[in-house]
Every structure is written in C-alpha cells, then in structure tokens.
Protein chains: 2
Amino acid sequence: MADLTVETVTDAVRAQMEATPDIRLREVMDAAVRHLHAFAREVKLTPEEWLMGIAFMTEVGKSCTPSRQETILLSDTLGLSALVNLMADRHHGHDATDSSLLGPFYRENSPMLALGDCIATAPRSALVVFQGQVKDSAGRGIPHAAIEVWQTDAHGSYDMQIHGEAKMDHRARFVADAQGLFHFRTERPLAYNIPMDGPVGRMVRAQGRHGCRPAHIHFLIGAAGYRELVTALYLGDDNYIDSDVVFGVSEALVIMPTADAASPFPDLPAIRYDFALARASGEAASRVGADPSTLVQANA
Amino acid sequence: MADLTVETVTDAVRAQMEATPDIRLREVMDAAVRHLHAFAREVKLTPEEWLMGIAFMTEVGKSCTPSRQETILLSDTLGLSALVNLMADRHHGHDATDSSLLGPFYRENSPMLALGDCIATAPRSALVVFQGQVKDSAGRGIPHAAIEVWQTDAHGSYDMQIHGEAKMDHRARFVADAQGLFHFRTERPLAYNIPMDGPVGRMVRAQGRHGCRPAHIHFLIGAAGYRELVTALYLGDDNYIDSDVVFGVSEALVIMPTADAASPFPDLPAIRYDFALARASGEAASRVGADPSTLVQANA
C-alpha cells in the first residue's frame with residue numbers, strides 16, 4: 001500500500017482519476033487537483049481555515065436563486081470570469097470587438113423600439129444619444145443586425161432592483177438599418193455596487209474593496225453567420241473606471257459623450273461606437289454567461 | 001488605465017486585494033487567485049466549461065442540508081481534506097497517532113457503555129473484540145481517556161442511513177481504565193459507498209471511480225491536556241484498502257483481526273491498537289471536521 005504523505009497525496013488522487021473516460025474531463029480535473037493542492041500547500045491551509053472555506057462555498061451555493069447567481073459573482077470578483085472572456089476573445093482573434101461580462105441583469109424579451117427612441121421610460125436626468133454601427137471584421141456594415149441594450153437608471157439601479165419582474169426600463173431591442181447603423185437616446189448610467197448582502201459581498205468588504213462597477217451600458221449583438229457579441233461600454237470619467245470590482249473594463253471599451261452637431265439629436269451629448277462581429281466558426285457562439293438559457297441552468 | 005490581458009488580469013486582481021486589512025486573509029486569497037487563474041490558463045478553460053463549473057459548484061452548495069455536507073464530500077473526494085489533515089499532523093509532530101477523516105456520520109451523545117460491551121445492539125454476524133490503550137507520546141497510559149467509536153453495520157450502513165435520527169446503533173462512548181486501557185465487542189464493519197445521488201457522486205462516476213471507502217472503525221479520543229484525536233482504523237483485507245475514494249487510509253491505521261488467547265474474549269478474533277495523543281499546545285484542538293459544532297455551521 002502506497003502510504004499517503006503531504007508529498008504523495010496529490011499523485012494518489014491523480015492516479016485514481018486517471019481512468020476518466022472523457023479525455024477533457026480528465027485533463028481539467030487533473031489540473032484542478034494539482035492547483036488546488038498547490039494552493040493548500042503554499043498557504044499551509046489549517047483545518048480551521050479549511051472549515052471556513054467549506055462554510056463559505058456552501059453559503060455561496062445556497063445563496064443562488066432564480067434571480068441571483070452568487071457563484072458567478074464570486075467568479076467575477078476573483079477575476080476568473082474576465083480571464084475566461086479574455087482567453088475566448090484571443091482564441092477567436094482580435095478582429096472582433098472585445099467581449100465583457102454579461103452580468104446578472106440581462107433579461108430576455110425587452111421592448112422592441114424604433115431607432116432614435118429613448119430607452120428610459122420616464123427620464124429624470126439629461127439625455128445622451130448613442131450612435132453605433134455593427135460591422136464585419138473588414139469594416140462592412142452588417143444589415144439589420146439585432147441589438148439588445150440594458151443599463152442602470154441615473155441613480156445606479158437596474159429595473160429589476162426596483163420593480164422586480166413587474167416592469168422593464170432602461171433596456172430595449174433594436175434592429176439596425178441596411179448599413180448596420182443604429183441610434184437611441186438614454187440617460188447616463190451610474191456606477192453601482194454589486195450585491196453586498198451575501199457571502200461574496202462580505203468577502204469584498206473584508207478585502208477593503210469598494211464593490212463598485214463603473215457606469216456602463218450593456219450590449220448583446222447578433223446577426224446570422226456571426227458570433228454573438230456580449231460586451232459593455234464604460235464611461236471614461238467614472239470614478240471607478242480603473243478599479244472595476246469585476247475587472248470587466250478594457251481600454252477599447254471606454255466611451256465619452258461629446259458634442260456632435262451631425263448627430264440626429266444635435267443638442268444632446270453624443271456617444272459614437274462601432275462594433276465588429278467575428279464570423280461564426282461553427283462552434284457554439286458564446287462568451288461567459290452569454291446564453292441566458294445556460295444562465296438559468298446555472299441558477300438551478 | 002492598465003489594460004487587462006490574459007497575462008495582466010491576475011496581477012490586477014491581486015492589486016485590488018492588496019489593501020485587505022487581515023494579513024492572513026490577504027495571503028490566502030492572493031494564493032487562491034494565483035492558483036485559480038493558473039488552473040484556468042493551463043487548461044484554457046472555455047466559457048462553456050466555466051459555466052459547467054459554475055453550475056456544478058452551485059449545485060454542490062445547494063445539496064447541503066443539516067444532515068448532508070456535499071461541499072465536504074467534494075473536498076474529500078478531491079483529496080483536499082486528506083492533504084489538510086496530513087499537514088496538520090506534520091505540524092503537530094509525529095509522536096501522535098495519525099488522524100483520519102471524521103466523515104459525515106459522527107453523532108454526539110452516543111450510548112455510554114461499559115468496557116467489554118458490544119456496540120451492535122442486535123448483531124447479525126460474528127463478533128470481534130477490540131482492545132486498545134490510550135497513551136501519551138512517551139508511551140504512558142492516559143487514565144480515564146474518553147473514547148467515542150462509530151462504524152457501519154455488517155451490511156455497510158450507518159445507523160443514520162437506516163433509522164435517520166430515530167435510533168443509534170454501532171456507536172458508543174467508553175471511558176478507559178486507570179491505565180488508559182479499553183475494550184469492546186463489535187461486528188466487522190463493511191466497505192460502503194459515499195452518497196452517489198448528488199453532484200459529487202456524478203463526478204466520481206464520470207471519473208470511473210468506484211466511490212467506495214474500505215471498511216473502517218471511527219475513533220474520537222480525548223483527555224484533558226491532550227489534543228483531541230480524530231482517526232479511523234481500516235481493515236487490511238478490504239478490497240478497497242488501496243483505493244479509498246476519500247484518501248483517508250494511511251499504513252499506520254491498518255488493522256487485522258487475529259486470534260488472541262489472552263484477550264478477555266479469547267474465542268473471538270481480536271484487534272489490538274494503541275493510540276498516542278499529543279499534548280495540547282494551547283491552540284484550538286481540531287482536525288478537519290473534528291468539532292461537531294463547526295461542522296453544523298458548515299451545513300448552515
């Protein structure tokens with residue numbers, strides 16, 4: 001019998017997993033065990049700390065509900081979601097717009113609006129106009145691309161946080177014109193706190209972090225034959241632009257409203273941003289959390 | 001603004017956690033993020049796989065109830081619990097008996113029996129006699145040490161798995177004599193399967209593992225001034241002695257019943273094992289899961 005020691009136990013676990021029929025599962029779990037054990041060995045994890053970790057992970061799982069995904073929030077705040085997105089972007093090439101986190105506030109079936117409409121049902125602050133074009137990687141407009149957009153109100157809350165399921169606001173669907181062009185009006189979104197009343201919020205507070213995301217507008221953009229793009233644009237003058245608690249900001253996704261006399265609403269500050277979609281490669285089109293149906297499964 | 005890439009995102013997360021006031025929390029989380037990201041980078045974790053991981057960890061947390069701790073089972077089957085125990089044993093020196101996993105079937109307030117009694121209330125198989133002595137690290141008997149013992153019946157089930165909370169069987173408490181000596185009679189325990197009806201069972205099956213623990217007898221031994229010992233003894237002729245699904249077996253904890261004409265029950269096969277306790281060092285006396293009150297918290 002091979003005796004287990006601090007040095008040999010890791011290989012004993014790997015040996016027991018070696019017969020895993022699915023090659024990819026074997027590869028992933030082998031690496032997971034090696035890195036998990038290396039972590040425990042490096043910090044000399046004590047039984048008391050182990051038990052705190054068990055209790056924490058149990059509470060994270062138990063905090064998940066159909067409308068709250070604490071496990072994803074943990075992944076987000078530890079930068080794992082951002083890393084997975086960055087690797088997926090790199091894998092699919094640099095021709096497309098960077099992806100960014102879907103976040104927990106995406107909803108299907110938001111109102112279908114006409115180009116130029118305002119996505120705030122009862123604006124309480126000054127409006128801006130957003131103008132964009134959906135293009136292929138060669139810069140040609142993609143006709144009639146489908147755009148979904150959602151953001152906080154001017155006080156930093158998503159509709160779900162105020163109205164629950166009862167009302168949609170500050171979110172809409174648009175169809176671009178024959179050149180892939182679209183525009184809409186909205187209020188400036190505001191920075192907001194991730195949910196701080198659960199175990200992940202406690203962790204973030206214990207780490208002395210502010211728990212805020214810089215103000216941003218979410219986009220989910222699709223067109224037949226192209227990889228679905230899940231991204232967000234971040235307001236460059238936000239206090240938290242350099243310290244997003246979920247590491248979703250990349251330089252290429254930063255926007256600033258400016259004067260634009262040529263815009264369809266020349267009196268409003270204008271944001272201009274063009275999105276490039278990659279050709280679908282036959283693989284499942286997804287970024288982290290990109291598919292709401294799988295998000296629902298993750299909540300189950 | 002520092003732009004996030006596959007290469008820089010890990011340091012961005014670490015920088016945001018640098019202000020953690022508690023030095024040990026900072027150290028543990030810094031290592032956790034580094035190893036978590038190294039794992040994701042090594043296997044090039046895809047968004048689809050990430051989502052499977054999120055769903056799995058969520059289900060593990062949600063499967064926990066007051067009488068079932070799936071997160072601990074995950075830690076056990078990945079060898080993390082064994083590693084933490086091995087490090088704790090090493091930290092506290094080699095003079096004491098090896099610890100082993102507490103497991104999920106410990107119960108407080110088991111029946112207090114007299115030395116020599118049988119812990120099976122209605123034995124259905126041949127009995128064995130267990131004789132032990134509780135000693136200090138110099139080999140001197142510890143008077144009146146408190147012993148708790150629990151095991152499966154001869155069919156491989158714990159009392160809780162058959163009777164729920166209603167009845168205790170195959171478990172008892174004893175007080176050693178003035179020389180630290182104790183003995184009791186019991187049935188041979190049988191190998192058993194970890195709970196296979198949850199996410200961890202699915203993982204173990206997908207890995208082609210049998211999911212069995214070799215037959216064993218649990219012990220929790222305490223005496224004033226000594227570190228509480230949580231351990232188990234494993235039957236050397238069990239089919240699973242070399243492939244425990246939770247990696248709890250060490251060579252020093254293997255036993256075999258033999259004939260012993262000098263035992264108080266000379267007609268029964270006899271198991272002889274002496275336990276050495278380490279002096280309490282002022283730290284909290286605990287092994288992984290050693291304290292039932294913290295175990296309850298982990299279930300919360």
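Student: Leaving aside neighbours within four places in sequence, which residues is Phe265(A) in contact with?

Tutor: Val129(A) and Arg185(A) are in contact with Phe265(A), once its neighbours within four places in sequence are left aside. Two residues are in contact if their C-beta atoms, placed from the backbone, lie within 7 Å. This is a predicted model: local features need pLDDT of at least 70, side-chain atom pairs count only at pLDDT 80 or more, and totals for chains, interfaces and linings use all residues. Residues are numbered from 1 along each chain as its sequence is written, while chains are lettered from A and ligands numbered from 1 in the order in which they are written.

Student: Where is the place of Phe265(A)?

Tutor: Helices (H or I, at least four residues) and strands (E, at least two) are DSSP runs, numbered from the N terminus. Phe265(A) sits in the loop between strand 9 (254–255) and strand 10 (270–276) of chain A. The C-alpha atoms of Phe265(A) and Phe130(A) are separated by 9.8 Å, though the two residues are 135 apart along the chain.

Student: How does Phe265(A) count: buried, exposed or partly exposed?

Tutor: Count other C-beta atoms, placed from the backbone, within 10 Å of the residue's own: 20 or more is buried, 12 or fewer is exposed, and in between is partly exposed. Phe265(A) has 16 C-beta neighbours inside 10 Å, so it counts as partly exposed. Of the 300 residues of chain A, 45% count as buried.

Student: How many helices and strands are there in chain A?

Tutor: Chain A has 8 helices and 10 strands. Its C-alpha atoms fill a box of roughly 80 × 40 × 35 Å, taken along the principal axes. Of the contacts in chain A between residues at least 6 apart in sequence, 71% join residues at least 24 apart.

Student: What superposes chain A on chain B?

Tutor: Two copies of a chain are related by a rotation about an axis and a shift along it. The superposition is by least squares on the C-alpha atoms of residues with pLDDT of at least 70 in both copies. Here a rotation of 180° with 0.0 Å of shift along its axis superposes chain A on chain B (RMSD 0.0 Å). The two copies are therefore related as by a two-fold rotation axis. In chain A, the C-alpha nearest the axis belongs to Gly61(A), 2.0 Å from it.

Student: How many residues of chain A are in contact with chain B?

Tutor: 78 residues of chain A are in contact with 77 residues of chain B. Helix 2 of chain A gives the most to the side of chain A that touches chain B, with 15 residues.

Student: Why do the copies meet through the same surface?

Tutor: Of the interface residues of chain A, 99% are also interface residues in chain B, so the copies meet through the same surface.
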